[in-house]
Amino acid sequence: MDYFSCITNLFQELVSILRYLKPLIFAAAVMLAGSPGVAAGASAPDENLRPDVRLIIDGRLTSPPIRPIIVNDSPYLPLRYISEKRGAKVGWDTRSKTAAVSLGGKELDTGGILVDGVLMVGPDFFRRMFSLETAFYGEYDIIVMSSNGKAGIMSADDALKLTPTYNGYSRDDLNWLSKIVEAEASGEKFASRLAVANVIINRKNADGFPSTIKGVIFDRSCGVQFTPTSNGAIYNTPSGESYLAAVEALEGKNNAVGALFFYNPKYATSNWISRHRKYAFTLGGHEYRY
């Protein structure tokens with residue numbers, strides 16, 4: 001075989017190899033780039049995110065080791081935690097996976113749902129066993145239980161007021177954050193409200209922005225940052241969902257990590273954000289940027 005033929009064969013083999021590798025190279029490029037429209041390493045938050053389930057017993061917010069859960073729109077609560085708080089004894093049958101709860105000569109058996117080894121049961125069991133009146137405010141995922149009958153069941157609005165811990169933040173922080181969430185994300189799902197709240201907090205914690213919640217919201221160092229502060233919408237009464245979104249954001253639940261900007265492409269009057277800030281994700285009607 002002469003030199004020219006050798007080179008020709010090598011070239012043909014190289015073309016064949018490249019043809020084989022092309023799909024693999026493309027797949028690797030897609031993996032490195034991330035999902036279309038989403039920055040590498042980022043992913044859009046779950047738009048069906050719900051607020052944490054909260055439990056209020058006799059007017060006090062409680063924090064069981066395992067939070068109550070919602071299954072098919074029905075609440076389930078930790079059997080042992082609540083029963084032992086009422087002074088009852090709980091026995092467990094490993095074979096049948098059922099529990100027996102006894103107090104003052106009264107004993108009831110129950111099944112339920114196992115979550116991380118903890119038996120969860122519906123509110124009806126606690127009504128029968130301990131005469132606890134219960135209410136479930138599904139819009140906010142809040143469960144209220146009372147040993148004082150229906151008279152001890154607080155309204156959803158009163159239950160909401162018990163949810164903040166104020167650990168690391170103030171009433172003023174919660175007030176203004178819930179107002180900007182309502183003004184910017186009214187009508188949006190809970191996840192969108194939570195993301196808006198977190199952008200405010202992300203700014204508060206970042207260099208180059210005011211160091212308080214209210215300061216971030218009313219910041220005008222480079223012009224009006226949030227339209228509701230100029231059109232008066234900031235002075236609204238927040239809905240329960242906006243209130244809870246602010247509470248959870250202030251208490252550390254962040255579904256917009258690193259995002260410092262958001263805007264609604266349908267109503268934006270400036271394209272500065274889209275031209276100068278890196279895309280993060282879209283959630284509800286807002287686009288989020290780093």
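Predicted model: local features only at pLDDT ≥ 70, side-chain atom pairs only at ≥ 80, totals over all residues.
At what angle do helix 6 and helix 9 pack, and how far apart are their axes?

**Entry 1: helix 6 and helix 9**

I got an angle of about 45° for helix 6 and helix 9 (residues 240–250), with the axes 8 Å apart. Angles under 35 degrees would count as roughly parallel and 65 to 115 as roughly perpendicular, so I put helix 6 and helix 9 down as oblique to each other. I looked up the hand as well: helix 6 passes helix 9 in a right-handed crossing.

Then I listed who touches whom. From helix 6 I have Phe190, Arg193, Leu194, Ala197, Asn198 and Ile201. Helix 9 brings Glu241, Ser242, Leu244, Ala245, Ala246, Glu248, Ala249 and Leu250 to the contact. Sorted by class, this contact of helix 6 with helix 9 comes to 9 nonpolar, 2 polar and 3 charged residues.

**Entry 2: helix 5 and helix 6**

Next I turned to the other partner I checked for helix 6. The axes of helix 5 (residues 171–185) and helix 6 (residues 190–205) come within 9 Å and cross at roughly 130°. That angle makes helix 5 oblique to helix 6. I noted the crossing of helix 5 and helix 6 as right-handed.

Which residues of helix 5 meet helix 6? I found Leu177, Ile180, Val181, Glu182, Glu184 and Ala185 on the helix 5 side. They meet Arg193, Val196, Ala197, Ile200 and Ile201 in helix 6. My tally by class for helix 5 with helix 6 reads 8 nonpolar, no polar and 3 charged residues.

I also marked the names that turn up on both my lists for helix 6: Arg193, Ala197 and Ile201 meet helix 5, and Arg193, Ala197 and Ile201 also touch helix 9.

Strand 8 and strand 9 (residues 118–121) pair in the antiparallel sense over 3 bridges. Within it I picked out Leu114, which stands opposite Leu119 in strand 9.

Note on methods
Residues numbered from 1 in each chain as written. Heavy atoms only, no water. Pairing = 2+ DSSP bridges. Helix = DSSP H or I, 4+ residues; strand = E, 2+ residues; numbered from the N terminus. Axes fitted to C-alpha atoms, helices over the stretch in contact; angles between N-to-C directions. Parallel < 35°, antiparallel > 145°, perpendicular 65-115°, else oblique. Left-handed = near helix turned anticlockwise from the far one by under 90°. Contact = heavy atoms within 4.5 Å. Nonpolar A, V, L, I, M, F, W, Y, C, P; charged D, E, K, R; others polar.
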